[in-house]
Amino acid sequence: MAAAAGGSREERWTLAGATALVTGGSKGIGHAIVEELAGFGARVHTCARNAAELEECRRRWAEDGLVVTVSVCDVSVRTDRERLMDTVKATFGGKLDILVNNAGQCTFKNATECTSDDYARLMATNLESCYHLSQLAHPLLLASGSGGSVVHISSVAGFIGLPALTIYSMTKGAMNQLTRSLATEWARDGIRVNCVAPGGIKTDISRDETIDPELVKKEMALLPMGRIGEPEEVASMVAFLCMPAASYMSGQVICVDGGRTIA
């Protein structure tokens, strides 16, 4: 995969020959990202905690002709993350072109009701995993020799204040800053680091029955586009950031939110 945007249009807008790791790919935004990257020609490895769901996804992807391998991993566990990267290293011959840190969890609780376990779990799953997997991937991205691309999946909650999402918002705000810091540090290695911050998207989280319906109604009223987004609308931005066409983009946090952050 070329590091720069020179060459023909076909060369700039393709992921043919690229290798990618996408965490949390069995459902929601992660699932859409796996399909988008693989559809543009990348070989993708993805992980999730549920082995049965993961295998069912792998079977469907194979039927569709997408090159995707899978392994079980709980990204909140350090040893699981190390095992995952060992698997990726073996699968792709010690090289990696793309890392997408997508896996995450959300807890809808008022700040005064959150426990130390809530805090530890969300920090480990959303933020620590993002940082550690980026560290582990760095030598594989370097070995690709073509300029690697890292994309974190953040949230508009990292920009705006939302009730009942204090810890989640903290993890996403930190992820936004991690993006800028890594982009600055790794530019000399030819590795680009960007972040996509979705707004309301049709996923399992958006259907969580613990969410206050009144809060949902208020959020919808603030959306200039008047609807929540589809996972594929996030995945297309991720794919672009991984392509040679985006070779001069790094350190950016891009909101895909129907205009929520400008409302």
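Lining the largest cavity are Thr23, Val75, Asn101, Asn102, Ala103, Thr125, Asn126, Ser129, Cys130, Leu133 and Met175. Here a cavity is a set of points on a 1 Å grid over the protein atoms alone where a 1.4 Å probe fits but cannot get out, and a lining residue has an atom within 4 Å of a point. The model is a predicted one, with local features needing pLDDT of at least 70 and side-chain atom pairs pLDDT 80 or more, while totals for chains, interfaces and linings use all residues. Residues are numbered from 1 along each chain as its sequence is written, and side-chain values use heavy atoms, leaving out hydrogens and water.

The structure holds 1 cavity of 30 Å³ or more, and the largest has about 40 Å³ of space, taken as the volume filled by probe spheres set on the grid points. Helix H5 (residues 116-143) gives the largest share of that lining, 5 residues. By type, the lining splits into 5 nonpolar, 6 polar and no charged residues, with Ala, Val, Leu, Ile, Met, Phe, Trp, Tyr, Cys and Pro counted as nonpolar, Asp, Glu, Lys and Arg as charged, and the others as polar.

Strands (E, at least two residues) and helices (H or I, at least four) are DSSP runs numbered from the N terminus, and pairing takes at least two DSSP bridges. Strands E4 (residues 98-101) and E5 (residues 149-153) pair over 4 bridges, with Ser149 the partner of Ile98.

Note on methods:
On a 1 Å grid over the protein atoms alone, a cavity is a set of points where a 1.4 Å probe fits but cannot get out, and a pocket is an open set with protein on both sides within 12 Å along at least five of seven lines; lining residues have an atom within 4 Å of a point.
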